[in-house]
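Good morning, everyone, and thank you for making time for this.

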Amino acid sequence: RFMLNGDKGFAELRPAFGYGPIKARTNKSELDFPHVMHQTTQMDEMAAIILGNKKPVVPVDGEEGLRDLKIIDAIYQAVKTGSKVSLS
């Protein structure tokens, strides 16, 4: 669940993450979204970029991928050793 409260109202997503339909509401009304499998959309977009020469909506450089791999490696090392791993 994700809940956002502000001076002029609120917004809620329930569940905020997951594979099922997401229910949303604000202080003004319920919001109705179509059920979309996010992974399917992501894979379709990747295929269109690779096979159809489509330009990515948000270009991602190798630096972001490298940061992700460093974080994954640090998690692995922390689990393996039981010690905190610093990201520098």
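Predicted model: local features only at pLDDT ≥ 70, side-chain atom pairs only at ≥ 80, totals over all residues.

Residues are numbered from 1 along each chain as its sequence is written, and side-chain values use heavy atoms, with hydrogens and water left out.

What does the secondary structure come to? The protein has two helices and four strands, where helices (H or I, at least four residues) and strands (E, at least two) are DSSP runs numbered from the N terminus, and along the sequence they follow the pattern β-β-β-β-α-α.

Turning to overall dimensions, the radius of gyration of the protein is 19 Å, whereas a compact globule of 88 residues would have one near 12 Å; this radius is taken over C-alpha atoms, and the globule rule is 2.2 Å times the number of residues to the power 0.38. The C-alpha atoms fill a box of roughly 45 × 45 × 25 Å along the principal axes. Buried residues make up 5% of the 88 residues, with buried meaning under 20% relative accessible area, exposed over 50%, and partly exposed in between (1.4 Å probe, protein chains only). Among the contacts with a separation of 6 or more, 0% come from residues 24 or more positions apart, a contact being heavy atoms within 4.5 Å.

Now to the helices, whose expected span is 1.5 Å times one less than the number of residues. The 15 residues of α1 should therefore span 21 Å, and its end C-alpha atoms are 20 Å apart, which agrees. Just after α2 comes Gly-82, with a positive phi of about 75°.

Is Asn-53 buried or exposed? This residue, in the loop between α1 (38-52) and α2, counts as exposed because its relative accessibility is 72%. Asn-53 follows α1 and has a positive phi, near 55°. From Asn-53 to Lys-84 there are 31 residues in sequence and 43 Å in space, C-alpha to C-alpha.

Finally, Ser-88 sits in the segment after α2 and, at 98% relative accessibility, counts as exposed. Ser-88 and Asp-68 are 20 residues apart in sequence, and their C-alpha atoms are 13 Å apart in space.
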